[in-house]
Amino acid sequence: MSDPAARDDAPRTRNRHRAVRADARRNRDKIVEIAAQIFAREGLDVPMDAIARRAGVGAGTLYRHFPTRQDLLGQVLAQRTTDLTRRCREIEGAALEPGEALERWLDALGEWMRSYDGLPGPLREAYTSSSSPLAPTCEEVIEMTRGFLEPAQRAGVARAEVDADTLYQAVLAMAWVASAVEGAGDGADDVVANRPAEGDSGEEPRSGLVALVRRGWRRS
């Protein structure tokens, strides 16, 4: 025969457990929100303890949810990728010529890779390590890239030998260089940007890594 007192305590116990879970979710969401703000303003090298302090939680709470910086970055980047997915859908719905759609996607991809100062490094590591917390996001983005590359190949405007992984790596290399030269002085941005070199007047840029990537995948 069951204990009546135990039956009376059961609803209170369930309510306490639900309250604890809700509090844990709020803490986790707050940490991710604050980390995203800090990464955007200060880059990825901010100490984890500083993130916990600004989020109003203890270091133990932060590490319980995110044992490593990569775990935290993986969650922050997953949310940022929602915006990239939305951009993907916008480009797909714009009824563009396949080559133009691919170019716009590569622009959006490059911007995403530069969301936070220092992000290209962890993305490169994630590409080579399936155990990285960022690896699922990288795989998702490569699949989106494939979705733009293959129609361009079928249309005959993209080289048949180029694959989505190679194109992803090329844009990632471009983003890494952009991050490295940012703020290096006059002309540094032109190394990366889709702008003509001084004295050029044509519509097609003759310098810049963006132009190099585009010349690389386009059929001549």
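Let's start where two helices touch: in H4, Leu77, Arg80, Thr81, Leu84, Arg87, Cys88 and Ile91 meet Ala101, Arg104, Trp105, Ala108, Leu109 and Trp112 of H5, where contact means heavy atoms within 4.5 Å. The residues of this contact divide into 9 nonpolar, 1 polar and 3 charged. This is a predicted model, in which local features need pLDDT of at least 70 and side-chain atom pairs count only at pLDDT 80 or more, while totals for chains, interfaces and linings use all residues. Residues are numbered from 1 along each chain as its sequence is written, and side-chain values use heavy atoms, leaving out hydrogens and water.

**How H4 and H5 pack**
- The axes of H4 (residues 69-92) and H5 (residues 98-113) come within 10 Å and cross at roughly 165 degrees.
- H4 and H5 are therefore roughly antiparallel to each other, a label for angles over 145 degrees.

**A look at H7**
- Helix H7 covers residues 135-154, and its 20 residues reach 28 Å from first C-alpha to last, close to the 28 Å expected at 1.5 Å a residue.
- Its buried residues (under 20% relative accessible area, 1.4 Å probe, protein chains only) include Val141, Ile142, Phe148 and Leu149.
- Just after H7, glycine 156 takes a positive phi of about 85 degrees.

**The whole chain**
- The protein chain has 9 helices and 0 strands, counted as DSSP runs (H or I, at least four residues, for helices; E, at least two, for strands).
- Buried residues make up 37% of the 220 residues in the protein chain.
- Of the contacts with a separation of 6 or more, 63% come from residues 24 or more positions apart.

Conventions: Axes fitted to C-alpha atoms, helices over the stretch in contact; angles between N-to-C directions. Parallel < 35°, antiparallel > 145°, perpendicular 65-115°, else oblique. Nonpolar A, V, L, I, M, F, W, Y, C, P; charged D, E, K, R; others polar. Expected span 1.5 Å × (residues − 1). Buried < 20%, exposed > 50% of the residue type's maximum accessible area, 1.4 Å probe, protein only.
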